[in-house]
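Please keep the structure open while reading.

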Amino acid sequence: MPEHRLTINGQQVTVDVDDDVRLLWVIRDILGITGPKYGCGINVCKACTSHINGRAFNPCSVRVCDVSEDDEITTIEGLADGDELHPMQQAWIDHDVAQCGYCQPGQIMAAVAKVRQCAEEGRDVDDAAIEEIRNICRCGTYNRIRAAIKAGAANM
Amino acid sequence: MPAHRAATRRDISRADSAAAEAAHTAEARAEAATRNARSLLRRDTGRRKFLGYLVAAPTLVVAAELTRQSVFGAPTANALGLPSPPQTPEVYDLLDALRDSMRPTAHLVRVEVRKDGTVHFALPRSDNGQGIITSTKMIIAEEMDLELDQVDVTLADARPELMFNQITGGSSTTFTTYTAIRVAAAIARGRLLDAAAALLEQDKGTLTSRAGLITGLNGRSLPFGELTEAAASPVDEVVEVVLKDRKDFRVIGTPQTKTDARDIVTGRKKFTTDLKIPGALPTIICRAPDLNGTPAGIDNLDEVRSMPGVTDVAVVPTGIAVRAKTFGQCIEAARAMQVRWKAGTVAGEDDESILAKLRRAELPLAVPAVAGDVLERSFTFYFRSNSALETNCAIADVRDGKAEIWAPLKNPIVAQQDIAKRLGLPSSAVTVHVVQGGGSFGRRLFHDAALEAAQVSKAMGKPVKLMWTRADDSRQGRVHPMATSRVRAVVAADSVLSFEQRHTSVATDFGHGFGEAVTSAAAKAPGGQLGVAATIFELTQVTPYDFGVSTRLLNEVEFGFNTGSMRNVYSPDVATARELMVDQIAAKLGKDPYEFRTATVKYDRWRAVLDRAAEEANWGKSMPAGTAQGIAMHIEYKGASACVVEIDCRDETVNRPIREGVTGPRVTRVTFVVDVGLVINPRGVEAQMMGGINDALAMTLTSSLHLVDGHFVEASWDNYFYTRQWNTPPEMNIVVIEDSPSDEPGGAGEFGVAATCGAVACAYARATGKVPDYFPINHKDPFPFEPKPLVPPIPPAPTNGLDFIY
């Protein structure tokens, strides 16, 4: 069985799994890191949104063989600095965004990446930028998500 | 003891039932309701003592039973309009039926004081994001003077002895549990004070209790944890207690953040498929192309069994199950299966054929016996998906003559009993753990996945972690049923003489036990022995205006669809049809939609939310062509709601491009006012309204399932257009009335939907000048997507994810 070396949340790990298994299942089923969620498996719902080298991506649609140990993969579990929450996580609590919470790890990871992208491109984190975020929240928390992103962005 | 009150209530209800049976007309039911209302409203609703039970245990355990603390509403009658007699829900609604059904067993609901000083309560309900764990902690913290983090609320396993009292539905949780939990908590606090008084040798009245610490005049204090053994009772004992006065509340009514917020934002909150149960490997089921098709056989079993990661393949009633090291490998194996399928339950049917059959089942509108102008319209509501974001899932371990299940279940007792029956086990051999769900909206009332997981585990002889794929959930999952709603109004020069609504629906499946609970109690309600669906319809639907002779009737047709009580059940569609017609009537009478509603609304409490919504929204302001305001109201859950929206239907908005998304008319502003009675957690109530509002946008404008040749076309979120960031209103103003005239909590979880649906529909009609006759309004548009194949039933996982990083 092929061996894959990965870097996840700052830790180097080795997994024995076929090349074409999507990274989401390596993360969840083999490594037991369950923050990224399954919601569609085809890069539509974005519930699995995590970071690769600081940018948002969806591991449901990336084969394990297409990333290397040089790629820094970060899931929601790796966003905080120890007990110190990332400003976006704190904003999520301050605005009591979550209802069931199933999509929220992906929402937070998407929000952090979107704010970074806006900063790089010299754009404001306004409603138009937030509406580029495709993550589905079936509980309909969108309006609190908007408020939290703006507050979190101000502290990033 | 509430026994005498219960007896009185049954007597009243029996009389009403008899009367209603004698004349099976809505008018007769209304008359019965009027009589019942008069009886109920005469009852003393003053402050009084409640009974609870000390339970024999080494540490303090207190139990309580549900008691009716007051009778809903003594609303002031409206002076304007042609009075309509009270409709059933005005005096006895679904929440009453649920609470009455739970009355006999609720004394088994227990509050326990642990030696570490925390107070534990196993809530016999299911939390899927609605925030009832947080609100329950608040109720206990209030009565026992604790901080929220000193209260530990978990979800109870299935407890068959609770009978009906473990159902989460109808937005009933707070209404049905509020008093019982307070009684138990208050007794516990009293016992702890007694114990402290004895140990400190001080008078109980001089002690103060704060944050789990009881302090005497001399400054000596004792924590709850050190008192719980002394406070415990050696025998079961009935005790009396007076509850904390509302004016002394310091927790209830204050905005609280969900107590699991930190776990959620750090990824620590565990859902069913996150649980690490030894040996429970990922499992999925390859399903039929037809809705509810079943397997006839698999032709390449050996090949599939030898695929990477696969450990087991088994034929089960709903398809071919595969268990593997990862879900990804399960999906690959299911995609490789060559399966012969039998036809499904609606083979060959489509939207048009089902609609034609519904039309044939429509009940007649009565020919008006009064002179006036007749206004009549018919509206069609297409199927909508009940999918939550977390697909159906369950872990099952069925071995050695027993079964253990983990799943998000709103009715775990029925799940336990059904699984036991299907597996041929005694129900005592089946343990059902209730796990917090990733959304429900009615979906978790059913235990489809738990049953399947049990069947698969039994067939394989191994534990399994079963998950439905998104395509499974979308195509084979539960749906909000297709329905038509017809309204006829007879209008005289300046008033409405009659308003008849006839709702005809694909049957809603109440076979999850919720129905049994409701019908068992609702048989006592005015109206008597209706069927389950008709009972729930009768107990929930109110036309809130004085429209003379006002009737609402439901007829349902059984077809073989997987339907369910999707958030707010009948109300979103009933309200949409009703409120559109109210606008039509207002136009006919030359009146403004808001002015007409406020002049005809039946009660002051209802008018208050309507007036507040109009005021907050600046109703009647000037709007550009192609945009408009819409207003609507809805009465349910012991409360009142009103909504004003602004919609933009201009071409540049409707046609704005979004990749793999639907735009359409944009609701740009929502004002929603809700009176839910006593508010436990205003921040939580606001959240529920927000969710309901976003649901309503989808229900009205963007999201439906299309039935084609015996299957639903939509297979994922890029086909089924639930509200997204680009649809949600940029401005949302939710007002939760905090000085409600009602002193008990009503329901909140579903309340945001119906009034918003009505307001969006009315705004759309006013902005475009066209009254839609079907919903959602985009249902007949060409598919903005390429339908995914039916075989294999799961679309391939993409490999190009890195092309979309940002």
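## Domains of chain A

In this predicted model, the C-alpha centres of domain 1 of chain A and domain 2 of chain A are 21 Å apart. Domain 1 spans 3-78 and domain 2 spans 87-154, with bounds taken from an automatic or database domain assignment.

Contact between the two involves 15 residues of domain 1 of chain A and twelve residues of domain 2 of chain A; two residues are in contact if their C-beta atoms, placed from the backbone, lie within 7 Å. On the side of domain 1 of chain A that touches domain 2 of chain A, strand E3 (50-52) and strand E4 (55-57) of chain A each supply at least two residues. Strands are DSSP runs (E, at least two residues) and helices are runs of H or I of at least four, both numbered from the N terminus.

## Make-up of chain B

Chain B contains 22 helices and 31 strands. It has 806 residues, of which 60% are buried (20 or more other C-beta atoms within 10 Å of the residue's own, C-beta atoms being placed from the backbone).

## Confidence

The model has ipTM 0.98 and pTM 0.91. Mean pLDDT, the predictor's confidence in each residue from 0 to 100, is 88 for chain B, and 88% of its residues score at least 70.

In chain B, pLDDT remains under 50 across residues 1-46 and across residues 67-80. Where pLDDT is low, the predicted coordinates should not be read in detail.

## Conventions

Residues are numbered from 1 along each chain as its sequence is written, chains are lettered from A and ligands numbered from 1 in the order in which they are written. In this predicted model, local features need pLDDT of at least 70 and side-chain atom pairs count only at pLDDT 80 or more, while totals for chains, interfaces and linings use all residues.

Technical notes
Buried ≥ 20, exposed ≤ 12 C-beta atoms within 10 Å, placed from the backbone.
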